[in-house]
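Hi,

Here is the structure I promised to pass on. Please open it first, then read my notes below.

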Amino acid sequence: MSATSITIHFTLNGERVSAEIEPHHTILEVLRQQFALYGARESCGQGLCGCCTVIVNGESVSGCLYLAAMADGGEVSTVEHLDADGELDVVQQAFIECGAFQCGFCTSGFILMSRQLLDRNPDPTESEIRHFLSGNLCRCAAYPEIIEAVKLAAKMRKSAGAVPA
Ligand code: FES
Ligand code: FES
């Protein structure tokens, strides 16, 4: 612990946790280095690609830019929380079914953003899907499969009764 370190307390994937951080630490660094949560990844490091997406207080943020200190007292969730009850989320299932990845580096960001989209708009059009996911980049260009996966997840959620038909 250095002279400048501070302690933050927050809810992480449903559990109350604390972390000793430096003021310049990002939430991505804290999640990976202190909690061994590796789903969010650093790629561009500049808020441009979405690989580092995490959810803070219900909103998606770029974990590579979001200072961990800003999460103090808040609620953070990561892709690891989606299957916390031992079952894959419908969006994860749809990504697997559609083969919506190649190297997988971008996948957790796409999955979290797709969940955010479907929670807000259960039956998005293709252009709404493209627009909502436009901040996420896939260097393997798996875009067609990703779009299909989001459409499939919307259908699966509807047939499971998660959203009104
Ligand atoms: S690594 Fe954070 S947006 Fe690219
Ligand atoms: S699957 Fe490789 S970057 Fe998207």
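This is a predicted model: local features need pLDDT of at least 70, side-chain atom pairs count only at pLDDT 80 or more; totals for chains, interfaces and linings use all residues.

**Domains**
The chain splits into domain 1 (6–81) and domain 2 (90–159). Their centres, taken over C-alpha atoms, lie 22 Å apart.

**Interface**
Contact involves 18 residues of domain 1 and 15 residues of domain 2. Together the domains bury about 1300 Å², with 53% of it on carbon and sulfur atoms. Three residues stand out on the domain 1 side. Arg41, Cys51 and Val79 supply 37% of the area that domain 1 buries against domain 2, more than any other three residues.

The polar side is also worth a look. There are 7 residue pairs in polar contact between the domains, counting pairs with both residues at pLDDT 80 or more. On the side of domain 1 that touches domain 2, β3 and β4 are the elements that give two or more residues. The rule finds 1 salt bridge across the interface.

**Helix α3**
This helix runs over residues 107–120. At 1.5 Å a residue, its 14 residues should span 20 Å, and the end C-alpha atoms are 20 Å apart, so the two agree.

Is α3 mostly covered or mostly open? It is mostly covered, with 11 of its 14 residues buried. Among them are Phe110, Ile111, Leu112 and Met113. The cover over the buried residues of α3 includes β3 (53–56) and β4 (59–62), along with α2 (90–98), α4 (126–132) and α5 (143–159). Arg120 makes a salt bridge with Glu59, side chain to side chain, at 3.3 Å from N to O.

Best wishes

Key: Residues are numbered from 1 along each chain as its sequence is written. Chains are lettered from A and ligands numbered from 1 in the order in which they are written. Side-chain values use heavy atoms; hydrogens and water are left out. Helices (H or I, at least four residues) and strands (E, at least two) are DSSP runs, numbered from the N terminus. The expected span of a helix is 1.5 Å times one less than its number of residues. Buried means under 20% relative accessible area, exposed over 50%, partly exposed in between (1.4 Å probe, protein chains only). Contact means heavy atoms within 4.5 Å. Domain bounds come from an automatic or database domain assignment. Buried area is the accessible area (1.4 Å probe) that two parts lose on being put together, summed over both. A salt bridge is a side-chain nitrogen of Lys or Arg within 4 Å of a carboxyl oxygen of Asp or Glu. A polar contact is a pair of N or O atoms within 3.5 Å; within protein, one must be able to donate a hydrogen and the other to accept it, and residues adjacent in sequence count only if both atoms are side-chain atoms.
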